[in-house]
Amino acid sequence: MRPYIYITRKLPDAVINEMQQKFDVGMWDYEDVPVPKEVLLLEARKADALMTMLSDAIDETVLTAGDNLKVIANLAVGFDNIDVKTACREGIAICNTPDVLTDTTADLTFGLLMAAARRIVEAAEVVKEGNWKSWSPLLLAGHDIHHKTIGIVGMGKIGEAVARRATGFEMNILYHNRTRKPEVEQQLGAVYASFEELVGKSDYIVCLTPLTEETKNMFTREVFNQMKRSAIFINASRGPVVDEQALYEALVAGEISGAGLDVFEKEPINADHPLLQLPNVVALPHIGSSSVETRTAMMQLCIDNIESVLEGNKPKTLVNKEWKPLVRV
């Protein structure tokens with residue numbers, strides 16, 4: 001009997017066809033609708049492996065639904081949607097998709113910074129809506145990017161890639177991280193700073209930190225108040241690291257100049273959310289790694305991880321390093 005894999009979103013036929021050569025494959029029918037919890041639980045009861053999305057809550061009820069589950073491959077770098085502690089207890093390998101999306105996400109992050117700084121989305125809408133009536137000296141004037149100071153909070157691989165892009169604009173680079181990165185300082189001229197120093201000195205504050213208990217609501221009203229009034233805040237990490245009400249109030253009060261957001265506390269964000277009513281907010285639908293090439297590579301990495309575990313080998317990108325498969329009697 002072949003192992004059974006369940007996939008929580010509809011994927012391209014080419015990906016499924018490859019998997020079906022070795023496994024029995026079940027898949028939710030929709031690309032843009034989350035799998036209902038009751039369906040996920042039913043599938044988890046019989047699955048040997050799950051390929052999941054960041055929007056799927058993989059809690060204890062899912063992890064203990066059946067006796068066959070050996071591996072979960074999450075189509076994301078982050079894995080805060082998974083109860084990793086319970087997975088370890090149950091002998092389930094948790095895998096993610098780092099590295100393959102680093103440059104793509106850095107491209108999007110820097111693009112978001114540029115869009116917010118130069119009011120690109122706002123300007124495009126002026127043209128499309130027929131509101132471009134004349135030229136004026138300060139028509140949709142934004143902020144320069146070159147020679148300004150970028151402060152990167154979370155200097156992981158994506159943070160490093162954003163810093164490399166910043167060097168092309170001859171920016172001054174500050175960073176804050178749990179640990180210093182001497183090699184980054186040497187190669188890119190980045191300067192380590194305390195969180196408070198970075199917030200106070202940066203023209204662009206770019207959040208790329210993972211979501212943990214320590215980073216949840218890291219950006220409060222007090223933090224925004226410490227920023228320059230001309231500062232622009234960029235978040236391409238996770239929504240809950242920001243107090244969204246505090247960000248809204250800071251923007252309305254003019255305590256900061258603008259924001260570029262690819263992530264939100266609750267996703268998808270409602271169209272009537274207060275942040276979306278502000279012209280100085282550029283909002284994207286969590287598309288950091290969304291290029292055809294990168295998403296395809298992420299899917300392939302998930303397949304490789306699942307195949308490795310089901311064949312009794314260690315996966316390429318194991319999250320729970322202490323994982324040991326259970327010997328079920």
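Reply: Two strands are taken to pair if DSSP finds at least two bridges between them. Strands (E, at least two residues) and helices (H or I, at least four) are DSSP runs, numbered from the N terminus. This is a predicted model, in which local features need pLDDT of at least 70 and side-chain atom pairs count only at pLDDT 80 or more, while totals for chains, interfaces and linings use all residues. Residues are numbered from 1 along each chain as its sequence is written, and side-chain values use heavy atoms, with hydrogens and water left out.

By the pairing criterion, strand β4 (residues 71-74) runs parallel to β5 and is joined to it by three bridges. Within β5, Cys-95 stands opposite Ala-73. Both strands belong to an open sheet of five, with parallel pairing and the order β2-β1-β3-β4-β5. Its edges are β2 (24-27) and β5 (93-95); each has a single partner strand, so one side of each is left without a neighbour in the sheet. From one strand to the next, the twist averages 15 degrees.

Two helices may now be placed against these strands. Contact here means heavy atoms within 4.5 Å. Axes are lines fitted to C-alpha atoms, for helices over the stretch in contact, and angles run from 0 to 180 degrees between N-to-C directions. Helix α1 (residues 13-20) packs on the sheet and touches β1 (4-7), β2 and β3 (49-52), its direction making about 145 degrees with that of β2. Helix α12 (residues 292-310) lies across β1, β3, β4 and β5 and runs at about 165 degrees to β3.

The loop between β5 and α5 (102-117) contains Leu-101. With a relative accessibility of 4%, Leu-101 counts as buried, a class that means under 20% relative accessible area, as against over 50% for exposed and values in between for partly exposed (1.4 Å probe, protein chains only). Apart from neighbours within four places in sequence, Leu-101 is in contact with Val-77, Ile-158, Ser-289, Thr-294 and Met-298. One of these, Ser-289, is 188 residues from Leu-101 along the chain, yet the C-alpha atoms of the two are separated by 5.6 Å.
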